[in-house]
Amino acid sequence: MDESLTAPDAQRKIYAYMSQALTGMPDTTSLSKTPDVSDLAEKQNRPPLPNACWDGNVQSDGPRYISSSYWVVGIPPSAGKEYFDLFAESWKNNGWKTSAEMIGIARVDFPDGFGIKLNAGPDYRFMSLTGYSPCMPDTTIEDMDSDPRTIPHP
């Protein structure tokens, strides 16, 4: 756990990593709380979710990590798989070590404990990107701001 990390600082770092995740993608690609695909739900504009940390197999009562999710927008309807592969390739070009947990999921865990995870829907019809922080004291969780509605292409 990083005792010096505050939730607002973690928010800013998550958004920075998410913005960097868009480098190497076409300029039309961005992140939004509102999906391009009409049958998907809009992600609520709220502070990132605080999640309990785990110590082995036991959920802790105090420390939290935060996560924030967005829809990837600006992807042509028939190009989902191509864009998914482009994300993974551009992350490797950034020097990021990616791991694939399952088909349609790409993940980067950064040395500072932060990470991002790309999830593709069925047939790569849509994608979401989630950023997450390392564990931190829960005393600053209430100081978080709401997520921005969009994270533009850098």
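## Salt bridges, core and surface

Asp-9, with a relative accessibility of 36%, counts as partly exposed, a class that lies between buried (under 20% relative accessible area) and exposed (over 50%), judged with a 1.4 Å probe and protein chains only. The model is predicted, so local features need pLDDT of at least 70 and side-chain atom pairs pLDDT 80 or more, whereas totals for chains, interfaces and linings use all residues. Residues are numbered from 1 along each chain as its sequence is written, and side-chain values rest on heavy atoms, without hydrogens and water.

**Salt bridges**

Five salt bridges are present in the structure, each being a side-chain nitrogen of Lys or Arg within 4 Å of a carboxyl oxygen of Asp or Glu. In one of them, the side chain of Asp-9 meets that of Arg-12, with 2.4 Å from N to O. Because these two residues stand three residues apart in helix H1, about one helical turn separates Arg-12 from Asp-9; helices (H or I, at least four residues) and strands (E, at least two) are DSSP runs numbered from the N terminus.

Another salt bridge joins the side chains of Asp-147 and Lys-33 at 2.8 Å, N to O. This pair ties together distant parts of the chain, 114 residues apart, since Asp-147 belongs to the loop between S7 and S8, while Lys-33 belongs to the loop between strand S1 (30-32) and strand S2 (49-55). A further salt bridge is formed by Asp-109 and Arg-107, whose closest N and O atoms are 3.2 Å apart.

The table gives the accessibility of residues in these pairs.

| Residue | Relative accessible area | Class |
|---|---|---|
| Arg-12 | 51% | exposed |
| Asp-147 | 3% | buried |
| Lys-33 | 3% | buried |
| Asp-109 | 45% | partly exposed |
| Arg-107 | 22% | partly exposed |

**The nonpolar core**

The largest nonpolar core has 34 residues, and among its members Trp-91, Ile-116, Leu-118 and Leu-129 touch the most others. At least two residues of this core come from each of helix H1 (7-21), strand S3 (58-73), helix H2 (80-93), strand S5 (105-109), strand S6 (115-120) and S7. H1 makes the greatest contribution to this core, namely seven residues. Such a core is a set of buried Ala, Val, Leu, Ile, Met, Phe, Trp, Tyr and Cys residues joined through side-chain atoms within 4.5 Å.

**A charged patch on the surface**

On the surface, Asp-138, Glu-142, Asp-143 and Asp-145 come together as a patch of negative charge, where like charges are joined within 9 Å and members have over 30% relative accessible area and no salt bridge. One of these residues, Asp-143, is found in the loop between strand S7 (127-132) and strand S8 (150-151), and with a relative accessibility of 44% Asp-143 is partly exposed.

**Two pairs separated along the chain**

Phe-84 has its place in helix H2 and, at 7% relative accessibility, is counted as buried. Between the C-alpha atoms of Phe-84 and Met-25 there are 9.9 Å, although these residues are 59 residues apart along the chain.

Asp-27, in turn, is part of the loop between H1 and S1, and its relative accessible area of 66% makes Asp-27 exposed. Asp-27 and Leu-86 are likewise 59 residues apart along the chain, and their C-alpha atoms are separated by 13 Å.

Definitions and conventions. Patches are made of residues with over 30% relative accessible area and no salt bridge: like charges are joined within 9 Å, nonpolar side chains (Val, Leu, Ile, Met, Phe, Trp, Tyr) within 5 Å. Accessible areas come from the Shrake-Rupley method with a 1.4 Å probe; for residues, only the protein chains shown count as cover. Lys and Arg count as positive and Asp and Glu as negative; His and the chain ends are not counted. The place of a charge is taken as NZ of Lys, CZ of Arg, CG of Asp or CD of Glu.
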